[in-house]
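Reader: I am new to this structure and would like to know what stands behind the terms used for it. Please set each term against its rule.

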Amino acid sequence: MSAANKDNLKLAQILGADGLLLLDAAKEGTNQFLTARLVAVKPGVVVGSFRSPWPVPDPIQWARWIPARI
């Protein structure tokens with residue numbers, strides 16, 4: 001459903017979500033990144049965003065880093 005619907009904020013509103021975490025793989029030259037945005041659904045604003053190298057070298061450390069970053 002979300003892959004077919006490009007309006008992620010509208011989808012989150014329909015589902016009654018408070019927040020939405022959007023993940024996307026990006027590439028700049030030969031470098032690959034994982035980009036993430038945390039969106040507050042009701043006001044429709046980006047609360048935080050970050051980008052990290054992809055693939056992550058240490059997934060456990062990365063998972064611990066994410067909550068502090070957002």
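**Terms and their grounds**

Author: In E2, Phe33 is the bridge partner of Ala26. The model is predicted: local features need pLDDT of at least 70, side-chain atom pairs count only at pLDDT 80 or more, and totals for chains, interfaces and linings use all residues. Residues are numbered from 1 along each chain as its sequence is written, and side-chain values use heavy atoms, with hydrogens and water left out.

Reader: What makes E1 and E2 a pair of strands?

Author: Strands (E, at least two residues) and helices (H or I, at least four) are DSSP runs, numbered from the N terminus. Two strands pair if DSSP finds at least two bridges between them. Strand E1 (residues 19-28) and strand E2 (residues 31-40) have 10 bridges, in the antiparallel sense, so they meet the rule of at least two. Lys27 stands opposite Gln32 in E2.

Reader: How do you know that E2 and E3 pair?

Author: Eight bridges join E2 to E3, and the two run antiparallel. Ala36, for instance, stands opposite Phe50 in E3.

Reader: Which strands are called edge strands, and why?

Author: The three strands form an open, antiparallel sheet in the order E1-E2-E3. E1 and E3 are the edge strands, as each pairs on one side only. From one strand to the next the twist averages 20 degrees; axes are lines fitted to C-alpha atoms, for helices over the stretch in contact, and angles run from 0 to 180 degrees between N-to-C directions.

Reader: Why is the contact between Glu28 and Arg51 called a salt bridge?

Author: The term requires a side-chain nitrogen of Lys or Arg within 4 Å of a carboxyl oxygen of Asp or Glu. The closest N and O atoms of Glu28 and Arg51 are 2.6 Å apart, so the pair qualifies. The pair links Glu28 in strand E1 with Arg51 in strand E3, 23 residues apart. A search of the whole structure finds one salt bridge.

Reader: What makes Phe50 and Trp65 an edge-to-face pair?

Author: Rings of Phe, Tyr and Trp (its six-membered ring) pair if their centres lie within 6.5 Å; planes under 30 degrees apart count as stacked, over 60 as edge-to-face and the rest as tilted. By this rule the count comes to one aromatic pair. Phe50 and Trp65 are 5.2 Å apart centre to centre, with 90 degrees between the planes, so the pair is edge-to-face.

Reader: Why is Phe50 called buried, and Trp65 partly exposed?

Author: Buried means under 20% relative accessible area, exposed over 50%, and partly exposed in between (1.4 Å probe, protein chains only). Phe50 has 7% and is therefore buried, whereas Trp65, at 36%, is partly exposed.

Reader: How do you know that the charge of Arg51 sits over the ring of Phe33?

Author: The rule asks for NZ of Lys or CZ of Arg within 6 Å of the ring centre and within 35 degrees of the ring normal. The charged end of Arg51 is 3.9 Å from the centre of the Phe33 ring and is counted as sitting over it.
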